[in-house]
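Thanks for coming, everyone. Let's have the sequence and the model up on the screen, please.

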Amino acid sequence: MRHFFISLVIVILCKGAFAQLANKNKAEIVIDKGILRGNNYSNRYFNFDVLIPKAWTVINKKDLLDGFTVQKEILKSERGQTEAEFNKNGDKFFVLLTASPNAQTRMPLIMFFTLDLDLDLAHFSETDYLKNYQNTLTKSYKTLDVTFNFSQIITEKVQGKSFYSFTTTITRNGLSNYQKVYSTIYRNKFLNIFLNYENNKENTKGLEFLKKISWK
């Protein structure tokens, strides 16, 4: 179940979960991926810092994907995509920071990411964005024995900054995992945070991690 759960992350990174969202401006877009110095991550575009707890390990995008080759092949087969098409979808996503206190199980898992899309946000809100994610997730796994239950989308603060959020309960073969999704608009981009966990203890660790964020 844990490996299946991580494959949900791969859906976001490589399957084009928001493929229907189009660039408003086709010109090259520059996004600051941030700088990691020791255990301090800083991002100038979104104006935040994270003091990463020493017990946590930073995981880069390539390592995350390379560890789940089988899941990648399944997703490619479902979409009828070539390797080049699959990778092109993944290039739309800028992973800013991914970390876990357990480098083997990668649970809990925290991920900060944004999209390489210059959207017209006058008619597209955080709620629209999150509902689009819910619909895509459900469609992606409609042929498998998986149940998704989404909580109501609410607003809440992450270290004083407002986010829209919801929690997904993913059930398969009688086992459940959870994903908390946060989203906020900054300038003309969405800043998103995923917190993946299997139990209350892991959820608590993830929430403690979020307390290490400081907004400038």
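S42 is buried, with a relative accessible area of 15%. Buried means under 20% relative accessible area, exposed over 50%, partly exposed in between, with a 1.4 Å probe and protein chains only. This is a predicted model: local features need pLDDT of at least 70, side-chain atom pairs count only at pLDDT 80 or more, and totals for chains, interfaces and linings use all residues. Residues are numbered from 1 along each chain as its sequence is written, and side-chain values use heavy atoms, with hydrogens and water left out.

S42 sits in strand β2, residues 40-43. Strands are DSSP E runs of at least two residues, helices are H or I runs of at least four, and both are numbered from the N terminus. Beyond its neighbours within four places in sequence, S42 contacts G34, I35, F48 and D49. Contact means heavy atoms within 4.5 Å.

Now the core. Which residues have the most contacts inside the largest nonpolar core? They are F48, V50, F112, F209, L210 and I213, in a core of 25 residues. A nonpolar core is a set of buried Ala, Val, Leu, Ile, Met, Phe, Trp, Tyr and Cys residues joined through side-chain atoms within 4.5 Å. A second, separate core has 19 residues, including L115, Y133, L137 and Y141.

Next, helix α6, residues 200-210. Its buried residues are E202, N203, G206, F209 and L210. They fall within an arc of 115° seen down the axis, so they line one face of α6. That arc is taken from the directions from the helix axis to the C-beta atoms. The face turned away carries exposed N200 and K201.
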